[in-house]
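Trainee: Hi! Could you walk me through this one while I have it open?
Mentor: Happy to, just ask away.
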Amino acid sequence: MSWLEAIVLGLIQGLTEFLPISSSAHLRISAAFAGWDDPGAAFTAVSQIGTETAVIIYFRKKIGRIFAAWFRSLRRPRTWRDDPESRMAWLVIIGTIPIAVLGLLFQDSIEHAFRDLRLIATTLIVFGIALGVADHLGQKKYSLDHLTIPHGLAYGFAQALALIPGVSRSGGTVTMGRLLGYRRPQATEYAFLLAVPAVFSSGLYKLTDIGGADAPAWGPTILGTVVAFLVGYAVIAWLMRYISTHSYLPFVIYRIALGVLLFVLVGFDVLAPDAGPAP
């Protein structure tokens, strides 16, 4: 991976990580269009550390309160359900279990079979439609104070679907949140918070692959991660303002259009399903 590729892919990661359009799909598609090597699961996972660092800084006050509430609950375990922030902390932990387990079980597929452009096109369209339906039909009756264990697990399994490029971590969890009746800003905020432990765990786990024969070198990876952080912070600030008064419809239309375009390009042999040889 060249320095230019790292900058471009870091920019794409930062722009797409928090929008419900799948950053992993865009990294994969962008590399294929440019004729570059597939950046691979390792670069994707590590660069996401940059965007999740942006989440921690943007929501630092709330995350600080959640951590404090969690530590208080350790001293008084029976009271964790009574404090919304303590409950949220435990549900973030519970909601992280599905993606951790499935990520380990399907590691080989994530790195190879799931990166087929035809599968990515399918997930972009199918889960784009799902987001549109959920956002249109979902009620707006719950705040994050209403989180329950079943809801936390449902959010967690929705996040785990993002192991398949094209689903979108934020898109999957927001879709579930809207189906459960959570308001757009609250569903989106929880999607961001839920992603933090999963993304950091995945990124740290994949750090050992960076610099190896099957992954980009350290220098470009670090540069791409820093770019992703800077751009990601700006995107979070914009998106939280946007969804307070707008629906997710533009993202739904974009996902469907991109998926259809991808099918056309693969169907007419403009792009091979495995375009961009593995690094």
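Trainee: Let me start with serine 22: is serine 22 buried or exposed?
Mentor: Serine 22 is buried, because its relative accessible area is 2%. Before we go on, keep in mind that this is a predicted model.
Trainee: Okay, noted. Where is serine 22 found?
Mentor: Look at the loop between helix H1 (3-16) and helix H2 (23-34); serine 22 is in that loop.
Trainee: And what is the phi of serine 22?
Mentor: Phi is near 75° there, which is a positive value in a residue other than glycine.
Trainee: What about aspartate 269, what is its phi?
Mentor: Aspartate 269 has a phi near 60°, again positive in a residue that is not glycine. You will find aspartate 269 in the segment after H12.
Trainee: Is aspartate 269 buried or exposed?
Mentor: Exposed, because aspartate 269 has a relative accessible area of 69%, and the cut-off for exposed is over 50%.
Trainee: Then what are the angle and the distance for H7 and H12?
Mentor: Helix H7 covers residues 117-137 and helix H12 covers residues 249-267. They pack at an angle of about 155°, and their axes are 8 Å apart.
Trainee: Which kinds of residues make the contact of H7 with H12?
Mentor: There are 15 nonpolar residues, five polar ones and two charged ones in that contact.
Trainee: How does H2 pack with H12?
Mentor: H2 and H12 meet at an angle of about 40°, with 13 Å between their axes. That angle makes H2 and H12 oblique to each other. H2 also passes H12 in a left-handed crossing.
Trainee: And what about H1 and H3?
Mentor: H1 packs with helix H3 (residues 40-58) at an angle of about 60°, and their axes are 10 Å apart. H1 is therefore oblique to H3. The crossing of H1 and H3 is right-handed.
Trainee: While we're at H3, is alanine 41 buried or exposed?
Mentor: Alanine 41 lies in helix H3, and it counts as buried because its relative accessibility is 15%.
Trainee: How far is alanine 41 from leucine 124?
Mentor: They are 83 residues apart along the chain, and their C-alpha atoms are separated by 18 Å.
Trainee: New topic: how long is H10?
Mentor: Helix H10 (residues 184-206) has 23 residues. From its first C-alpha to its last, H10 reaches 32 Å, close to the 33 Å expected at 1.5 Å a residue.
Trainee: Where in H10 does the kink lie?
Mentor: Find valine 196, shortly before proline 197: a kink of about 35° lies at that valine.
Trainee: Can we finish with two more residues? Is lysine 62 buried or exposed?
Mentor: Lysine 62 is in helix H4 (residues 60-75). Lysine 62 counts as buried, because its relative accessibility is 19% and buried means under 20%. The C-alpha atoms of lysine 62 and aspartate 116 are separated by 38 Å, with the two residues 54 apart along the chain.
Trainee: And how does valine 264 count?
Mentor: Valine 264, in helix H12, counts as partly exposed because its relative accessibility is 40%.
Trainee: How far apart in space are valine 264 and tyrosine 155?
Mentor: C-alpha to C-alpha they are 33 Å apart in space, and in sequence they are 109 residues apart.

Technical notes:
Residues are numbered from 1 along each chain as its sequence is written. This is a predicted model: local features need pLDDT of at least 70, side-chain atom pairs count only at pLDDT 80 or more; totals for chains, interfaces and linings use all residues. Side-chain values use heavy atoms; hydrogens and water are left out. Axes are lines fitted to C-alpha atoms, for helices over the stretch in contact, and angles run from 0 to 180 degrees between N-to-C directions. Helices (H or I, at least four residues) and strands (E, at least two) are DSSP runs, numbered from the N terminus. Ala, Val, Leu, Ile, Met, Phe, Trp, Tyr, Cys and Pro count as nonpolar, Asp, Glu, Lys and Arg as charged, and the others, Gly among them, as polar. Buried means under 20% relative accessible area, exposed over 50%, partly exposed in between (1.4 Å probe, protein chains only). The expected span of a helix is 1.5 Å times one less than its number of residues. The bend at a residue is the angle between axes fitted to the seven residues ending there and the seven starting there. Angles under 35 degrees count as roughly parallel, over 145 as roughly antiparallel, 65 to 115 as roughly perpendicular and the rest as oblique. A crossing is left-handed if the near helix is turned anticlockwise from the far one by less than a right angle, and right-handed if clockwise.
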